Amino acid sequence: MPFTLAPPPSHPSGSVPSAPAVRRLANGLTIIAEQMPIDAVNLSIWLPVGSSVESNDINGMAHFLEHMIFKGTPQIRCGEFERLIEERGAITNAATSQDYTHYYITTAPKDFAQLAPLQIELVTNASLQDDDFERERPVILEEIRRSEDSPRRRTFHRSMQLSFDRLPYRRPVLGPATVIEQLTADQMRHFHRTWYQPQRMTAVAVGNLPVEELLEIVERGFERAAQRRQPAIAEAAAADNAAPEAPFTQIQRADYSDDSLQQARLVMGWRVPGMEDLSETYALDVAASILGQGRTARLVSDLRERRKLVNSISVSNMTYSRQGVFSISAYLPSEHIAAVEAAIAAHIQQLCEQPVTAAELRRVRTQVANRYVFGSESPSDRAGLYGYYQTMTGDIAHALNYPHHIRAVTPAAIQSAVRRYLPTSAYGVVTLRPSSQAEG
């Protein structure tokens with residue numbers, strides 16, 4: 001199953017037509033349901049369990065466990081779930097990130113009552129047998145090797161290592177091979193019984209069945225699975241449970257040469273608020289869009305289209321749970337690195353000194369509205385939106401109200417946020433150059 005290397009999902013855009021139903025059970029499980037007039041049903045199970053809850057000694061466990069969940073339970077033979085999914089033309093997959101793990105199936109409405117409980121059973125009562133664990137370990141190690149061979153992923157990992165000194169976001173989701181080689185199935189069973197408990201889970205069902213039916217199918221599935229669930233292990237504290245890191249106080253640089261590159265990479269980053277301080281993120285989201293999202297964005301228009309200094313450039317406000325990173329990333333010829341860094345700083349300084357125009361704000365708001373329409377047309381899109389925000393914030397209202405917050409952002413708020421969080425005298429910058437063009 002794939003893992004999520006990229007930043008957390010983009011903030012939703014636009015507005016939803018009606019709020020979904022939310023049911024909270026006595027055991028702490030949250031179920032969200034919504035009927036959509038599309039002949040499919042998606043069930044997504046979300047847990048706030050990713051690499052950030054791991055200690056260094058088990059870094060990579062959450063992703064390894066995601067693979068092992070599909071190896072069956074005492075009630076479901078290994079491979080039986082996949083056989084039933086394929087017979088009915090359904091889809092299943094999963095993803096692991098720094099802050100969450102997410103499992104989902106998409107089925108025809110007529111098959112949902114049969115297949116949804118099987119997914120619930122897998123997540124809740126995974127067997128996690130020693131022999132399956134040992135057979136899957138080489139698969140994980142190969143995935144790590146492929147990740148290390150990817151210039152894009154190496155660039156991301158190096159930028160995260162510079163962005164965070166203490167918080168676990170600096171570590172890879174997959175974990176290092178040296179740790180994966182030492183993990184045991186018993187450690188995984190302990191991790192599963194500690195973290196995979198109903199009070200941590202959010203189950204989202206969206207599709208063409210009545211809301212009450214969706215809620216009842218999911219609730220019954222969890223009730224049956226609970227009858228076979230082993231007792232929970234006492235709750236553990238999240239690893240490295242530290243406060244957000246202080247902003248950079250100067251420009252910090254990390255320079256690398258890379259034999260595999262044909263062109264250089266430049267990544268500039270600032271430590272900014274995360275999901276735990278969500279109200280501080282909205283103006284930075286708008287600033288990211290103004291600077292680097294779309295062909296008419298300032299950095300794209302200037303550095304790529306007009307001055308031809310970069311081959312590509314993008315801006316993102318990556319919002320993790322405990323902290324975020326405002327990141328600007330460019331692919332470019334090595335000889336342009338200094339000029340591009342200076343130009344980016346100049347554009348940010350301009351945002352500090354001059355309010356954005358009314359036309360730019362209109363463009364961002366149009367992008368917000370359209371991204372929501374285009375990005376929430378399917379049951380899986382909508383379930384992902386609801387599950388992500390409920391898991392990360394404990395309140396689905398943050399998903400539903402996000403567009404309102406974006407519409408309320410003013411030029412003065414953008415200016416204030418940029419001045420506070422994006423100083424041009426203090427940030428982290430990672431450069432990677434083809435080895436033949438390395439400095440020195």
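Predicted model: local features only at pLDDT ≥ 70, side-chain atom pairs only at ≥ 80, totals over all residues.
Arg-253 sits at 48% relative accessible area, so it counts as partly exposed. Arg-253 is a handy way in, since it lies in strand β7, one of the edge strands of an open sheet of 5 strands.

- Reading across the open sheet, the strands come in the order β7-β11-β8-β10-β9, and the pairing is mixed.
- At the edges you'll find β7 (252-258) and β9 (312-319), each of which pairs on one side only.
- On average, neighbouring strands here are turned by 15 degrees against each other, ignoring direction.
- In general, strands of a sheet pair through backbone hydrogen bonds, and they can do so parallel or antiparallel.
- For β7 and β11 (residues 428-434) the arrangement is parallel, with 7 bridges joining the two.
- Arg-253 takes part in this pairing: its bridge partner in β11 is Val-429.

**Helices against the sheet**

- Helix α11 (residues 337-353) packs on the sheet and touches β7, β8, β9, β10 and β11.
- The direction of α11 makes about 30 degrees with that of β8.
- Helix α9 (residues 282-292) lies across β8 (264-272), β9 and β10 (324-332).
- Relative to β9, α9 runs at about 175 degrees.

- What does the side chain of Arg-253 meet in a salt bridge? The partner is Glu-341, at 2.9 Å from N to O.
- Glu-341 belongs to helix α11 while Arg-253 is in strand β7, so this pair ties together parts that are 88 residues apart in sequence.
- Is Glu-341 buried or exposed? Glu-341 is buried, because its relative accessible area of 7% falls under the 20% cut-off.

**Salt bridges within helices**

- Across the whole structure, a search turns up 29 salt bridges.
- One of them links the side chains of Asp-132 and Arg-135, at 2.6 Å from N to O.
- Both residues are in helix α4 (residues 130-148), and being 3 residues apart puts about one helical turn between them.
- Asp-132 counts as buried at 11% relative accessibility, whereas Arg-135 counts as exposed at 53%.
- Asp-302 and Arg-306 also form a salt bridge, with their closest N and O atoms 2.6 Å apart.
- Here the helix is α10 (residues 298-306), and the two residues are 4 apart, again about one helical turn.
- Asp-302 is buried, at 9% relative accessibility, and Arg-306 is exposed, with a relative accessible area of 58%.
- There's also a network: salt bridges with shared partners join Arg-77, Glu-80, Arg-83, Glu-87, Arg-88, Lys-110 and Asp-111.

**Cysteines**

- How many disulfides does the structure hold? The count is 0.
- Cys-78 comes out as partly exposed, because its relative accessibility is 49%.
- Cys-352 counts as buried, at 9% relative accessibility.

Notes: Residues numbered from 1 in each chain as written. Heavy atoms only, no water. Pairing = 2+ DSSP bridges. Axes fitted to C-alpha atoms, helices over the stretch in contact; angles between N-to-C directions. Contact = heavy atoms within 4.5 Å. Disulfide = S-S within 2.5 Å. Buried < 20%, exposed > 50% of the residue type's maximum accessible area, 1.4 Å probe, protein only. Salt bridge = Lys/Arg side-chain N within 4 Å of Asp/Glu carboxyl O.
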